[in-house]
Each structure stands twice: as C-alpha cells, then as structure tokens.
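Please look over the sequence and the fold first, then read on.

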Amino acid sequence: FLRCMRNNTPALVRGVTKGWPSHDWVANGGLPDFERLCTTYGHAVVPVVDCDHGGDESGGGGGYGGQPRQNIPLRDYLAY
C-alpha cells in the first residue's frame, strides 16, 4: 500500500469484498443471478435511461444526459 501511495501507482487489492452481500447475486461462473436479484431487490426502484433516443446531435434531447429516463422497480426492468 505505502509503496503504491508513495509512487502514485495503481494498486489491486484482492479479497476486500469477500463476504459482502454484493457477492450474493453473482452465480457460479461470475454471471449475474437475475432470479436472486429479482427476489432480493426486485422492489427497489431504479433509474432507467433510454440511450437509443436523444442525447446527441442527431437525436436531439438536449445533449449529454438528455435521454428519456424513468424510475421503475428492478423486477420490471429485469422482466423487460
């Protein structure tokens, strides 16, 4: 840690998040376990942005960040 901080170089810290709940929704093979995500967090309201419409010179929408967006339950997004 000190060697990296002193030299201002990147450091890879392994194992810090083992045991955190964030690992519970990752299935074997490292892919998301969408069923578990839906069961555990499906009620959570998440922002969804439609990147296919607006946000650039050709699509209008007011430039960067101008895409249509809505807040929906995660279960609805996962079912999409």
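Which residues lie nearest the centre of the largest pocket? They are Val 48, Val 49, Gln 70, Tyr 77 and Tyr 80, in a lining of 14 residues. The model is predicted, so local features are given only at pLDDT of at least 70 and side-chain atom pairs only at pLDDT 80 or more, while totals for chains, interfaces and linings use all residues. Residues are numbered from 1 along each chain as its sequence is written, and side-chain values use heavy atoms, with hydrogens and water left out.

**The chain as a whole**

The protein chain has three helices and two strands, and their order along the sequence is α-α-β-β-α. These elements are DSSP runs numbered from the N terminus: helices are H or I runs of at least four residues, and strands are E runs of at least two. Of the 80 residues in the chain, 11% are buried. Here buried means under 20% relative accessible area, exposed means over 50%, and partly exposed lies in between, with a 1.4 Å probe and protein chains only.

The chain exposes about 7,000 Å², of which carbon and sulfur atoms supply 55%. Accessible areas come from the Shrake-Rupley method with a 1.4 Å probe, and for residues only the protein chains shown count as cover. Among contacts with a separation of 6 or more, 42% are accounted for by residues 24 or more positions apart. A contact means heavy atoms within 4.5 Å.

**The largest pocket**

The volume of the largest pocket is about 330 Å³. Strand E1 (45-49), strand E2 (69-73) and helix H3 (74-79) each supply at least two residues of its lining. The greatest share comes from E1, with four residues.

The search for pockets uses a 1 Å grid over the protein atoms alone: a pocket is an open set of points with protein on both sides within 12 Å along at least five of seven lines, and lining residues have an atom within 4 Å of a point. Grid points are joined across faces, edges and corners, and a volume is the space filled by probe spheres set on the points.

Asn 8 has a positive phi of about 55 degrees although it is not a glycine. Most residues other than glycine have a negative phi. Asn 8 counts as exposed because its relative accessibility is 71%.

Val 13 is also exposed, at 59%. Together with Val 16 and Trp 20, Val 13 makes a nonpolar surface patch of about 310 Å². Patch residues have over 30% relative accessible area and no salt bridge; like charges are joined within 9 Å, and nonpolar side chains (Val, Leu, Ile, Met, Phe, Trp, Tyr) within 5 Å. A salt bridge is a side-chain nitrogen of Lys or Arg within 4 Å of a carboxyl oxygen of Asp or Glu.

Val 26 is partly exposed because its relative accessible area is 34%. Leaving out residues up to four places away in sequence, Val 26 touches Leu 31 and Asp 33. Pro 32 is partly exposed at 34% relative accessibility. With residues up to four places away not counted, Pro 32 touches Trp 25 and Ala 27.

**The loop between E1 and E2**

Asp 50 is placed in the loop between E1 and E2, and His 53 is in that loop as well. Both are partly exposed: Asp 50 has a relative accessibility of 30%, and His 53 has 46%. Apart from residues up to four places away in sequence, Asp 50 is in contact with Gln 67 and Pro 68. His 53, with neighbours within four places set aside, also touches Gln 67 and Pro 68.

The table lists C-alpha separations for three pairs of residues.

| Pair | Residues apart in sequence | C-alpha separation |
|---|---|---|
| Val 26 and Arg 36 | 10 residues | 8.7 Å |
| Asp 50 and Pro 68 | 18 residues | 5.5 Å |
| His 53 and Gly 66 | 13 residues | 8.9 Å |

Notes: On a 1 Å grid over the protein atoms alone, a cavity is a set of points where a 1.4 Å probe fits but cannot get out, and a pocket is an open set with protein on both sides within 12 Å along at least five of seven lines; lining residues have an atom within 4 Å of a point.
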